[in-house]
Amino acid sequence: MPGKRPVPKRHSVSMTRMFRRTTLALVVLSVDASAQTELTVESVRSYAFPQNLTAAATGSRVAWTINEQGRRNIYVAEGPDYAARKLTSYDRDDGQELTSVTLSADGQWVVFVRGGEHGSNWDDLVPVNPSSLPTPAKLQLLAVPFAGGEPRVLTEGGDYPAISPNSQTVAFERDSQIWTVPIDGSVAAKRLLSARGDNGGIQWSPDGSRLAFVSSRGDHSFVGIFTNDSTPILWIAPALARDGSPRWSADGARIVFVRRAASGGAPAPILERRPSAWALWVADAASGTARQLWRAPETLPGSSGGSNLQWVAGD
């Protein structure tokens, strides 16, 4: 047509190649679809979802959960063959999720939480009752021997368990405080400490003699160390900041944690993206004194460290 600019040759070649690739992709998809069975609602509903894979600190034992048509159960396996074995027998689609699946260091016990709604926006502990039962299921902290047997209820209302290094005790969160219970459930749970705020983020010291935890006070938070009933809680370099994610060094002499600025001040514009400033601090676990180890550059996207913060070889 008069006045129409000709398409450059390189563009023409590029479009030809794109057409060939698209045609090839459609052929592959057509062959793949014909080789599969018909997709139905039942086939989608019957798909099994494995989650929560965890391993013992020693040996070759692993555990995980599988959601089979809403029936959530724990499976275990042991090397070298790793043959899957069903450990629990929950046979109803009752909406009770399994979370915090943890193997004791010696591989003898599997600890987990059953119930609640840990994906909710507001409260993880809200009972889930999709079957409209007159009495909703309660949030339960349970333990079951790796060898098999009936799960033992360690406590009701307990969440986010942490097993001691000697595999004898389970620390957990309940009513914003930290509690402990024997892993075999032989004795009732007892409250380990009582502190202001919402206390959690439990981390055992390598020798199991102390607990590091996070005490959230709303717009700020502290990292604390509990030793025993007669020793005051050691607050690590307390400041007007949001401290969290404490992690012990291998020798138990130091703790690294994430420090962020306290919340508050003028509200930020909703549509404006801002970096989330944070820094790594390292503290002496005996005195509580700390120093800044590293500060993240204030660029997008931001991060708060979280569970990806770990000590590695060479400190």
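Glu156 and Lys138 form a salt bridge, with the closest N and O atoms 3.5 Å apart; a salt bridge is defined here as a side-chain nitrogen of Lys or Arg within 4 Å of a carboxyl oxygen of Asp or Glu. Glu156 lies in strand β8 (residues 152-156) and Lys138 in the loop between β6 and β7 (140-145), so the pair ties together parts that are 18 residues apart in sequence. Glu156 has a relative accessibility of 39% and counts as partly exposed, where buried means under 20% relative accessible area, exposed over 50%, and partly exposed in between (1.4 Å probe, protein chains only). The structure is a predicted model, in which local features need pLDDT of at least 70 and side-chain atom pairs count only at pLDDT 80 or more, while totals for chains, interfaces and linings use all residues. Residues are numbered from 1 along each chain as its sequence is written, and side-chain values use heavy atoms, with hydrogens and water left out.

By the stated rule the count comes to 6 salt bridges. Among them is the pair Arg114 and Asp94, whose side chains meet at 2.8 Å, N to O. This pair links distant parts of the chain, 20 residues apart: Arg114 is in strand β6 (residues 109-114), and Asp94 is in the loop between β4 (85-86) and β5 (98-103). Arg114 and Asp94 are both buried. A further salt bridge, also listed at 2.8 Å (N to O), joins the side chains of Asp315 and Arg254. Asp315 lies in the segment after β20 (290-295) and Arg254 in strand β18 (residues 254-261), so parts 61 residues apart in sequence are tied together. Asp315 is exposed, with a relative accessible area of 55%, whereas Arg254, at 26% relative accessibility, counts as partly exposed.

The chain has 2 helices and 20 strands; helices (H or I, at least four residues) and strands (E, at least two) are DSSP runs, numbered from the N terminus. Four strands form an open sheet in the order β9-β10-β11-β12, with antiparallel pairing, two strands being paired if DSSP finds at least two bridges between them. β9 (159-163) and β12 (190-193) stand at the edges, each with a single partner strand, so one side of each has no neighbour in the sheet. Neighbouring strands of this sheet are turned by 35° against each other on average, direction ignored; axes are lines fitted to C-alpha atoms, for helices over the stretch in contact, and angles run from 0 to 180 degrees between N-to-C directions. Strands β10 (residues 169-174) and β11 (residues 177-182) pair in the antiparallel sense over 6 bridges. Val170 has Val181 as its bridge partner in β11.

The largest nonpolar core has 14 residues, and those with the most contacts inside it are Ala63, Ile74, Val76, Leu87, Leu103, Val110 and Phe112. Such a core is a set of buried Ala, Val, Leu, Ile, Met, Phe, Trp, Tyr and Cys residues joined through side-chain atoms within 4.5 Å. Two or more residues each are given to this core by β3 (71-78), β5, β6 and β7, and the largest share, 3 residues, comes from β5. A second, separate core of 13 residues includes Val113, Trp179, Val181 and Ile183.

Of the 315 residues of the chain, 37% count as buried.
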